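Good morning, everyone. Please look at the screen for a moment. I will start with the strands, then take the salt bridges, then the pocket.

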Amino acid sequence: MKKLNLFALLAIAVIMLTGCRKEYYTLETVEPIAQVFSCEYTVKPSDWKYFEGSNEPGSENYFYAEFENPDITADVLINGTVTADIYWLYDEQNNFGSWRPLPYVYPMEVCINYNDGTTNTIIVAENIRMEWVKGMVTFVIQDLDGYAPEDITNSLTIRVTVIKNLRK
């Protein structure tokens, strides 16, 4: 029995010693597959323009702000992608915020004042999205019910990332 235990221990030691060896790999070339460009925009309240449709549910009423982005080339439109994130300050008192990918839908409290002096607070879904063409990005804020969105009173920080595919 002692010989069997000694043999088992010797076999385990041989397996452990032969199974653990250092191997070094040398990567001679790294071929890039993409280029990434990133740009942050501070969209001030004065940058927004208003597109006014009819004042009824489902109509086209929205704010938009246009900015140049030379990283969006014809090649990116065919072989790449463009993404955007908005920095959303969710706790102003403690200055806590996070990056949220666009499109981003957020609930907004709206206070409605009636002619008889009464008020009502409702929740409206606001949508922030980005559209792009060669050399230009457009940020759009729109109510999901089609009515005019609330006025924008704060600056927004939006980061646009352009990824150009180098392999075609």
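Over how many bridges do strand β3 and strand β8 pair? Seven, and the pairing of β3 (residues 62-68) with β8 (residues 136-143) is antiparallel. One partner pair to find on screen: Ala 65 has Phe 139 of β8 as its bridge partner.

Some ground rules. This is a predicted model, where local features need pLDDT of at least 70 and side-chain atom pairs count only at pLDDT 80 or more, while totals for chains, interfaces and linings use all residues. Residues are numbered from 1 along each chain as its sequence is written, and side-chain values use heavy atoms, with hydrogens and water left out.

Two terms for the strands. Strands (E, at least two residues) are DSSP runs, numbered from the N terminus. Two of them pair if DSSP finds at least two bridges between them.

β2 and β3 run antiparallel, joined by three bridges. There, Phe 51 stands opposite Tyr 62 in β3.

Next, charges. Side chains of opposite charge can pair when their charged atoms come close. We call it a salt bridge when a side-chain nitrogen of Lys or Arg is within 4 Å of a carboxyl oxygen of Asp or Glu. How many salt bridges does the structure hold? Three.

Take Lys 49 and Glu 66: their closest N and O atoms are 3.5 Å apart. Lys 49 is in strand β2 and Glu 66 in strand β3, so this pair ties together parts 17 residues apart in sequence.

Then Arg 159 and Asp 85, at 3.8 Å, N to O. Arg 159 belongs to strand β9 and Asp 85 to strand β4, so the parts tied together are 74 residues apart in sequence. Is Asp 85 buried or exposed? Buried, at 17% relative accessibility. Arg 159 is partly exposed, at 23%. The cut-offs: buried is under 20% relative accessible area, exposed is over 50%, and partly exposed is in between (1.4 Å probe, protein chains only).

The salt bridge between Arg 129 and Glu 131 is 3.2 Å, N to O. Glu 131 is partly exposed, with a relative accessible area of 39%.

Last, the pocket. A pocket is an open set of points on a 1 Å grid, where a 1.4 Å probe fits, with protein on both sides within 12 Å along at least five of seven lines; lining residues have an atom within 4 Å of a point. The largest pocket has a volume of about 550 Å³, a volume being the space filled by probe spheres set on the points. It is lined by 19 residues, and the closest to its centre are Trp 88, Glu 92, Thr 153, Asn 154 and Leu 156. Which strand gives the most to the lining? β4, with four residues.
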